[in-house]
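This briefing concerns helix packing and the surroundings of a ligand. Please look at the sequence and the structure below before reading on.

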Amino acid sequence: MIRFTDVEKRYDAGAPAVSGLTLEVPAGRTTVFVGPSGCGKTTSLRMINRMVDPTSGTIEVDGRDVSRTAPHELRRSMGYVMQQGGLMPHRTVADNVATVPRLLGASKGETRRAAAGLLERVGLDPALGARYPAQLSGGQQQRVGVARALAADPPILLMDEPFSAVDPVVRAELQAELLRLQRELSKTIVFVTHDIDEATLLGDLVAVFGAGGVLHQFAPPEQILSAPADGFTARFVGRDRGFRALAFRGAEELTLRPVSGYDAGALARVPRLARGASLRSVLDALLAEPARIAVVEDAAGRPAGVATLADVAAALDAEAGR
Ligand SMILES: Nc1ncnc2c1ncn2[C@@H]1O[C@H](COP(=O)(O)OP(=O)(O)O)[C@@H](O)[C@H]1O
Ligand SMILES: [Mg+2]
């Protein structure tokens with residue numbers, strides 16, 4: 001667990017970059033710091049591993065004040081991933097990934113095997129280990145950055161806008177990959193982004209920061225979307241928040257129509273969604289499908305029934321008590 005208590009950071013005589021930050025990052029979960037540019041997210045993240053020291057206040061990791069721990073010792077228990085990979089250009093990918101194991105005294109053979117395993121773990125072909133960073137795509141470089149951060153198997157991962165510089169398709173792949181990895185690894189992840197969609201997708205908890213490094217709301221993502229704590233958060237969460245909030249509700253809320261009421265040939269052409277799909281993906285599929293119907297499957301992947309826009313609306317009204 002990482003605890004900020006009344007933390008303030010001023011870089012110079014100017015306005016504080018972070019002010020009065022009190023917050024508890026739970027162990028084994030993903031906590032996202034989100035907010036517009038310049039609101040102190042990176043500063044807050046870097047105070048955890050002492051790349052930056054606070055002006056006042058304390059930060060504890062598992063009850064231990066970080067100001068009393070040597071930075072190099074601290075960083076051994078924390079992987080750090082930055083926006084642009086931060087890879088060493090003149091070292092191979094495998095050497096980049098295995099930097100920390102090497103420093104910790106692993107042999108050449110051990111480090112090579114460890115690097116191959118780590119590359120696989122983040123969804124890369126281990127053969128890429130022989131290449132140089134510039135010979136990889138942006139998305140592949142970010143995966144290498146994640147593999148490197150995982151190399152010493154640290155309990156904490158600090159990630160500063162790791163997916164911001166890649167295109168939207170690759171970004172969605174990297175996000176899915178991180179969710180999969182986190183299900184396997186249960187690290188304590190602190191993830192910084194300016195993108196509220198990314199924050200609500202990845203975060204078990206989301207901290208919304210505003211100007212002057214002020215924390216506006218710290219809550220599970222569904223609560224940030226459905227009940228923004230103040231005007232700033234409501235504006236930041238934005239116009240699509242009603243739609244985004246549907247990501248936290250499932251197709252099982254729908255009262256489906258019997259498949260027998262529809263022409264089988266027509267049904268074969270409409271979108272099919274798993275029973276566990278979110279209402280957001282059901283609504284999106286319906287909006288994209290000219291026939292405005294979609295098939296929802298049962299647990300075995302057979303058609304359980306048909307959903308229409310009216311059925312999504314009915315589920316929303318049912319929950320709202322209308
Ligand atoms: N090394 C630095 N020296 C002086 N000011 C800084 C430094 N790093 C960040 N700042 C300032 O602190 C504020 C917060 O920055 P930062 O933590 O990088 O925000 P974010 O990551 O949310 O964009 C900004 O006003 C920024 O200009
Ligand atoms: Mg930043």
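Axes are lines fitted to C-alpha atoms, for helices over the stretch in contact, and angles run from 0 to 180 degrees between N-to-C directions. Helices are DSSP runs (H or I, at least four residues), numbered from the N terminus. This is a predicted model, in which local features need pLDDT of at least 70 and side-chain atom pairs count only at pLDDT 80 or more, while totals for chains, interfaces and linings use all residues. Residues are numbered from 1 along each chain as its sequence is written, ligands are numbered from 1 in the order in which they are written, and side-chain values use heavy atoms, without hydrogens and water.

**Helices 13 and 14**
- The axes of helix 13 (residues 279-288) and helix 14 (residues 309-320) come within 10 Å and cross at roughly 150 degrees.
- Helix 13 is therefore roughly antiparallel to helix 14 (an angle over 145 degrees).
- In contact (heavy atoms within 4.5 Å) are Leu 279, Val 282, Leu 283, Leu 286 and Leu 287 of helix 13 with Leu 309, Val 312 and Leu 316 of helix 14.

**Helices 6 and 7**
- Helix 6 (residues 138-150) and helix 7 (residues 168-185) have axes that come within 10 Å and cross at roughly 20 degrees.
- These two helices, helix 6 and helix 7, are therefore roughly parallel (an angle under 35 degrees).

**Ligand 1**
- Residues around ligand 1 (a heavy atom within 4 Å) include Tyr 11, Lys 41, Thr 42 and Thr 43.
- An oxygen atom of ligand 1 lies 2.8 Å from an N or O atom in the side chain of Thr 42.
- A polar side-chain atom of Thr 43 is 2.5 Å from an oxygen atom of ligand 1.

Conventions
Parallel < 35°, antiparallel > 145°, perpendicular 65-115°, else oblique. Polar contact = N/O pair within 3.5 Å; in protein donor to acceptor, adjacent residues only side chain to side chain.
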